[in-house]
Amino acid sequence: LNAFAQVKLGGEPGGLAEALAPQAVEWLPEFYPKELALFANAYARTAVSSPKLFGALASRVHECLDEMRPRDMSNVANAFAKLSAPGSRELFAALAAAAEERLPAFDPQHLASVAWAFAKMHHAQAPALLGAIGEELCRRGRFDRFIAQELVNLLSAYAKVRLAHRWIDGVTGHLRERPDIVRAMSPIDLLYTASSLARLSVHDLELFASLGTAMLHVQEKPTAKQVIYLMHSFAQVECAHSELFVGLAPGLRGALVERVRNPPSKADWVVAIGAYTNLGLQNASTETEGLCRDIVRHCCESDPSESRSGGGTDCLEQLTAMDMSSLLRALSKNWVRGVGSSVGSLAASVLQRSSEFSSKDLLVALHAVVHIQELPQRADDGAIPAHVYDALLSILSSELTSGVLAQLNTADLITAAAILAKTGYNDMGAWGSVAQQMSGFLSARRHVPGAADAVLPAATASRSARSPLPHQPAAPTDDELAQCLVVVLNSCARVNVQDAPMLRCMFEAFAADGPLLDAGLGRGKAGIVMSSMSR
């Protein structure tokens, strides 16, 4: 069975692996630990999962864990993780304890394999085990015995569980010193390395430059999706590798206009335009400018050939609410010449489909629309129609008053207040909601956790015309609350909105709350608060 699995045979319906499964349950007690591991690995290779077989296999492995070698444990973990097989959760808890005791005996391949398996399963023991593996890697000190694939798998595992362990400094240094390892990576390995480093917030621009140069010279041609998400990783760490983005543009443009196998989706193309504009590389060359313009049009305009054949659909219907808000945000950061009419259609679609948007996506879209209207460079491309723009601001007002924006967290409340202030929008219902939500955060902070309706009597008495304070999101930190308060106060001052209950809550919170006072008036915020109060 193992031999067949190694050459990718026996996994078809009714094939060898499926046929052997019932009999194999009876054979399991006869297997040595090594044979159990090989057996599990064979089924993982053929992608055949038998619930009854793997349930019995998990029990049998659990019985003989003490006799298993590191190689056997890694094979078992890898097999169960690949198939998400029955019994995995319980087995992995035992595997974590057994593996941690014997980590010094694991060779590089099996360390990487176990780390990847636990991360893929998102097992509760994954952070602790990966922490122990990280300490073992630090103890060993060097990475000369690791091949590129093992380093890629390790980085992917730590990125999956968002564990930025100190061993990562060692491996990034190793890859900087060994550019030959980076040059030997396949496109998928380059993508996973860049993506993992970006997820772990490793802003090693020298290493990213090396990864980018390697991608430009790989022998195996990368797919369009691999290229897009590699660029996305570069944008996440703000590595503006212009040679990479210019060099990859012709291939992406070919994938956009030609019929390729497994083409990128509209959501993928939105990620691509975001990578270019976030780094300001949309006009790095005539090729990138043309590519970015074509991407926007591809996402927003119907394909004429499909329309003529009668099979076309409105392109904007193929974009999700998140796609539309992300595309608008990308264009608000750096404008792409020649897409004015497309953006006008996009804004109109946000208006028509506003009920589909989450609070965050709606705020992102509206904030982007307001910013785009103020961009001087888009004047030659035409503006978002005035009636669409005004209607979007009306939606902001109505949703703040009694819709999805009536219960925001502090970050989103900052965005809402900033939009209202930037547009000079004087709808008192919208501003009243912003002030009421801000008062709610301040009032809740001064009450014992769990107390009902955490609202100050003074604030409540002055709000007879308003709806009851909604249930607030999770309590913000001192810094989050202070930042929100400063921005909301400054936004109110910019349009001369005075909300007495909110100001009373602010004064009382500052007077009674030392940590909030320190956070609110520290790091240069005191001047903003004083200026806002003065205005």
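Glu150 belongs to helix H9, residues 148–160, where helices are DSSP runs of H or I with at least four residues, numbered from the N terminus. This is a predicted model, in which local features need pLDDT of at least 70 and side-chain atom pairs count only at pLDDT 80 or more, while totals for chains, interfaces and linings use all residues. Residues are numbered from 1 along each chain as its sequence is written, and side-chain values use heavy atoms, with hydrogens and water left out.

Glu150 is buried (under 20% relative accessible area, against over 50% for exposed and in between for partly exposed, with a 1.4 Å probe and protein chains only) yet has no salt bridge. A salt bridge here is a side-chain nitrogen of Lys or Arg within 4 Å of a carboxyl oxygen of Asp or Glu. The nearest side chain of opposite charge is that of Arg145, 8.1 Å away, with Lys and Arg counted as positive, Asp and Glu as negative, and His and the chain ends not counted.

Glu135 is partly exposed, at 38% relative accessible area, whereas Arg166 is exposed, at 51%.

Remain in helix H8 and select Arg139 with Glu136, which lie three residues apart there, about one turn of the helix. Their side chains meet in a salt bridge at 2.6 Å, N to O. Arg139 is exposed, with a relative accessible area of 56%, but Glu136 is buried, with 7%.

Move on to Asp294 and Arg253, whose side chains form a salt bridge of 2.9 Å, N to O. Asp294 lies in helix H17 (residues 286–300) and Arg253 in helix H15 (residues 242–257), so this pair ties together parts that are 41 residues apart in sequence. Arg253 is partly exposed, at 25% relative accessibility.

Turn now to the surface and select Lys120, Lys160, Arg162 and Arg199, which gather in a patch of positive charge. Patches are made of residues with over 30% relative accessible area and no salt bridge, like charges being joined within 9 Å and nonpolar side chains (Val, Leu, Ile, Met, Phe, Trp, Tyr) within 5 Å. The place of each charge is taken as NZ of Lys, CZ of Arg, CG of Asp or CD of Glu. Lys120 is in helix H7 (residues 108–121) and counts as partly exposed at 31% relative accessibility.

For a nonpolar patch on the surface, select Phe4, Val7, Leu9 and Leu16, which together have about 350 Å² of accessible area, calculated by the Shrake-Rupley method with a 1.4 Å probe. Leu9 is in the loop between helix H1 (2–6) and helix H2 (16–27), and is partly exposed at 45% relative accessibility.

Finish at Gly274 in helix H16 (residues 266–278), a buried residue with a relative accessible area of 11%. From Gly274 to Arg494 the separation is 220 residues in sequence and 31 Å in space, C-alpha to C-alpha.

Definitions and conventions: Helix = DSSP H or I, 4+ residues; strand = E, 2+ residues; numbered from the N terminus.
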